[in-house]
Amino acid sequence: MDEKLLNTDPEKGLSSNEVNKRIALYGKNIVLKKKRFKPFFEFLQILLSPLIFLLIGASLISAAAGDKIDFFIILAIILVSGTVSYFQKSKAEHEAEKLKQKVSVQTTVLRDNAKKEIPIVDLVVGDIVFLSVGDLVPADCKILTSKSLSIDESTLTGESFPKDKNKNDIAFMGTNILSGEGVVVVDATGRQTRFAMLSKEIIKPKPPTAFDLGLKNISILIVKFVIVMSIVVFAANSILHGNILQSLLFALAIAVGITPEMLPIILTINLSKGAVRMEKKDVVIKYLPAIQNLGGMNILCTDKTGTITEGDIKLQGFENYKADQDTNIFDFCFLNSYFQSGFKNPLDGAILENKADFKLNLNEFKLVDEIPFDFERKRLSIVLSQKKKNILITKGSVIPVLEKCTSVLEKNKNVKLTENIRKKLLKRYQDLSKKGFRVIAIAKKNIAYKKTYEEKDESSLEFLGFIYFFDPIKKSVKETLKALEKNKIEIKILTGDNEFASRTICENAGLKVNNIINGSDFEKLTSVEKLKTALETTIFTRLTPEQKAEIINVLKNAGKTVGYLGDGINDAPPLKNADVGISVSNGADIALDIADVVLMQKSLHVLNAGVEEGRKTHINIFKYLMMEISSNFGNMITVSIASFLLPFIPMLPTQILLNNFLYDVSQFAIATDHVDSELLLEPKKWNINFIKKFMLLFGSISSIFDFITFFTLFYFLHFTIGSFRTGWFIESLLTQTLIIFSIRTARSPFIKSLPSKTLVFSSIIVILIGIFITFPPIGHYFSFSVMPAIFYPLLALITVCYFVIVEIVKGRFYRVNRL
């Protein structure tokens, strides 16, 4: 579209009234909005699993045969269960969405004749947008003006080389600014963008984590058990008891009862509760499953600036090749930082805040052109005009600048840069770096005028000198590094800085340095050598973004769970490759967009607190899985064998569903439970072998006590069928609900490990409700009988014995097996 057709004034932007009209016309700037159904249909999505369909169908047949009460009871239990699940899930998703909005990417627009920051989703067609280095292009935009604008379009094209953009070119949504700046008008938003049209092909879902894969495997295992056992139970009861319809209902109710259909909801609740707790510690979770990876992280890769150091960079000095202070060096460095049009990094900020030391007249200079910084050249050049002459000023990393110099400036004279002088310069550079200084070089030359300048013009430069900075080490970093080490998280420094400064800073901070390698040397290694080197090396220096990403991949291939903390445009590739990408709230747009986790402060202390919360969440999810899977396995054994031993169905379908519903409700509170401190000391991964061993052992113990209950009720007390079913209902609910207090900890429960008050309260309430329901008049509808007084002391005895046996076996189990 032409901006005239959009009725946009490039000088004033859109008015607020016009923006509202265009939102109504074009909609929000959202590409792939999560498909949300109306509440009723979302409720149905949760409610109607294939097993529930079968159960309702079978109960309808039963109702048609005259058993209408059971049908309505089954339907009521399903509806209440679905309602509770729906509200819990909705609340969890709402909390997660609120957290994501705290770190939504912003963009700068011109509206009502004023610049303002707005969320990207609020952009409309015709908005005037200002773009600079690190920004995401927020929509398809037509470029109105540009200065050395270079855009990374790899998200659309797959090509790694940036594209230079000029007036009237199109900047596409989802790309990001590598260098320069521009003013653009929004041409298309949301689903009308090229990004949206290609999204199904270019946007790949996040790869499944180890936790996801483990959960999938164990779920498949349970489903196989369910299918086999349901067939066995149905066949046995049909043959032995003759009532095919009743046997079908019973088998289906058992299938529903032992299928972890509430697992996704309980996982979501646990994750969202964990995310809320983490937000209180300045850690915002954008992608809920990242909590699991954060808890499982055993290697953290990061730069040193702002993590090891304060991130408060100050100018310390400037000197020529003879190590003498020379104000000319600062003047030319100031000009380079002042006139460059791209992203001004912290070093530029440190230079510009010393404006009082600048001795030249800025009005004498005018920007002609710029050769933007990139991570291959590691330098930036500007061309200025001054009194009919043009000066090219280059600033950047020492070695890349020195490579382009052929002379040095000495007392306003041009002296040839000999090999001996070059060696002295490199020696001085190393000496300054070893003191912990961040050193850059500045060079210049007079150059003939032309409209545009290129990288090849950065040649035959005159070396002016060094300018160096200091970033103090954080006071708390030694303590934080010890805490990370205690939590079994290894720190690896991935930096663009040199090896000398990096070693000094890290060693002064108390980080044990095992090995150092630079990016070019790492690239020369074989695959086997890279694997060994990546594991053994603490500091990787002089890295490009692509080399950082490669190191992340190598560590992941070694079986490590890798986190990456970064906030710059050069951090996008490693953030994307890491198991958990971590950025900072004031980071570049592209870093914020990719990150799974956002820290409100760039601090390893804050991150460590987030890791601990991630581990708590992971462990609480694990508690539920251990309880659910072992209980289900025990129930499968019990029901299968009971079908052959008892002359009747041990529990009615309605009773099984009620039992399952009450138990699941009690487990919602696991998200609030306390976690033993020793379980937070190691990264947490999915341990499927642990789950299988736990399931076989404790599921079998559960089944043994079920049979003790059967024998007591049927053969010792000679209960009627109704009393037997009521007794097993109460015993099953009581033991399932209470045994979580043993299983939740390897310690002695209540003595050395206190559960949360919420978990205790919910368990007691569920047990009391379960017992109350067995009494008239409610009990009548579920075919319960009033239990004789002798039952309750025996129930208490069985429960205590079960608890004691589990405690004894648990102690031995945990001595051999580790969570």
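**Salt bridges, rings and a nonpolar patch**

Trainee: Where does lysine 28 fall, buried, exposed or partly exposed?
Mentor: Lysine 28 counts as partly exposed, because its relative accessibility is 41%. Keep in mind that this is a predicted model.

Trainee: Which residue does lysine 28 form a salt bridge with?
Mentor: Aspartate 122. Their closest N and O atoms are 2.5 Å apart. The cut-off is 4 Å, so the pair qualifies.

Trainee: How many salt bridges does the count come to?
Mentor: The count comes to 35.

Trainee: Okay, what about glutamate 613, which residue does it bridge to?
Mentor: Arginine 277, with 2.9 Å between the closest N and O atoms. Glutamate 613 belongs to helix H22, and arginine 277 to helix H9 (residues 263-279). That pair links parts of the chain 336 residues apart.

Trainee: Is glutamate 613 buried or exposed?
Mentor: Buried, because its relative accessibility is 4%. Arginine 277 is partly exposed, at 26%.

Trainee: Which residues are in the salt-bridge network with them?
Mentor: Lys281 and Lys616 are linked with Arg277 and Glu613 in one network of salt bridges.

Trainee: Now glutamate 458, what does its side chain meet?
Mentor: It meets arginine 379 in a salt bridge, 2.9 Å from N to O. Glutamate 458 is in the loop between strand E16 (438-447) and strand E17 (461-470). Arginine 379 is in strand E12 (residues 379-386). The two are 79 residues apart, again a link between distant parts of the chain.

Trainee: Are glutamate 458 and arginine 379 buried or exposed?
Mentor: Both are buried.

Trainee: Switching to aromatics. How many pairs does the structure hold?
Mentor: It holds 30 aromatic pairs. Take phenylalanine 334 and phenylalanine 358. Their ring centres are 4.6 Å apart and their planes make 25 degrees, so the pair is stacked.

Trainee: Which parts does that pair tie together?
Mentor: Helix H11 (residues 327-339) holds phenylalanine 334. Phenylalanine 358 is in the loop between helix H12 (346-352) and strand E11 (366-371). The parts tied together are 24 residues apart in sequence. Phenylalanine 334 and phenylalanine 358 are both buried.

Trainee: And phenylalanine 714 with tyrosine 715, stacked or edge-to-face?
Mentor: Edge-to-face. The centres are 5.0 Å apart, with 85 degrees between the planes. Tyrosine 715 is partly exposed, because its relative accessibility is 44%.

Trainee: Where does a lysine lie over a ring face?
Mentor: Lysine 115 lies over the face of phenylalanine 130, 4.2 Å from the ring centre. Arginine 194 does something along those lines with phenylalanine 172: its charged end sits over that ring, 4.8 Å from the centre.

Trainee: New topic, the nonpolar patch. Which residues make it?
Mentor: Val228, Val232, Ile239, Leu240, Ile641, Phe644 and Leu645 make a surface patch of about 680 Å². Helix H7 (210-241) and helix H22 (604-645) are the elements that give two or more residues. The largest share, four residues, comes from H7.

Trainee: Is leucine 645 buried or exposed?
Mentor: Exposed, because its relative accessible area is 53%. Leucine 645 is in helix H22.

Trainee: How does the span of helix H19 compare with what it should be?
Mentor: H19 (residues 545-557) has 13 residues and should span 18 Å at 1.5 Å a residue. Its end C-alpha atoms are 19 Å apart, which agrees. Its buried residues include Ile551, Ile552, Val554 and Leu555. Lys548 is also one of the buried residues.

Trainee: What comes just after H19?
Mentor: Glycine 559, with a positive phi of about 90 degrees.

Trainee: Last one, threonine 774. Where is it found?
Mentor: In the loop between helix H27 (757-773) and helix H28 (778-781). Threonine 774 is buried, because its relative accessibility is 2%. Threonine 726 is 48 residues away from threonine 774 in sequence, with 7.0 Å between their C-alpha atoms.

Notes:
Residues are numbered from 1 along each chain as its sequence is written. This is a predicted model: local features need pLDDT of at least 70, side-chain atom pairs count only at pLDDT 80 or more; totals for chains, interfaces and linings use all residues. Side-chain values use heavy atoms; hydrogens and water are left out. Patches are made of residues with over 30% relative accessible area and no salt bridge: like charges are joined within 9 Å, nonpolar side chains (Val, Leu, Ile, Met, Phe, Trp, Tyr) within 5 Å. Accessible areas come from the Shrake-Rupley method with a 1.4 Å probe; for residues, only the protein chains shown count as cover. Buried means under 20% relative accessible area, exposed over 50%, partly exposed in between (1.4 Å probe, protein chains only). Rings of Phe, Tyr and Trp (its six-membered ring) pair if their centres lie within 6.5 Å; planes under 30 degrees apart count as stacked, over 60 as edge-to-face and the rest as tilted. A charge sits over a ring if NZ of Lys or CZ of Arg is within 6 Å of the ring centre and within 35 degrees of the ring normal. The expected span of a helix is 1.5 Å times one less than its number of residues.
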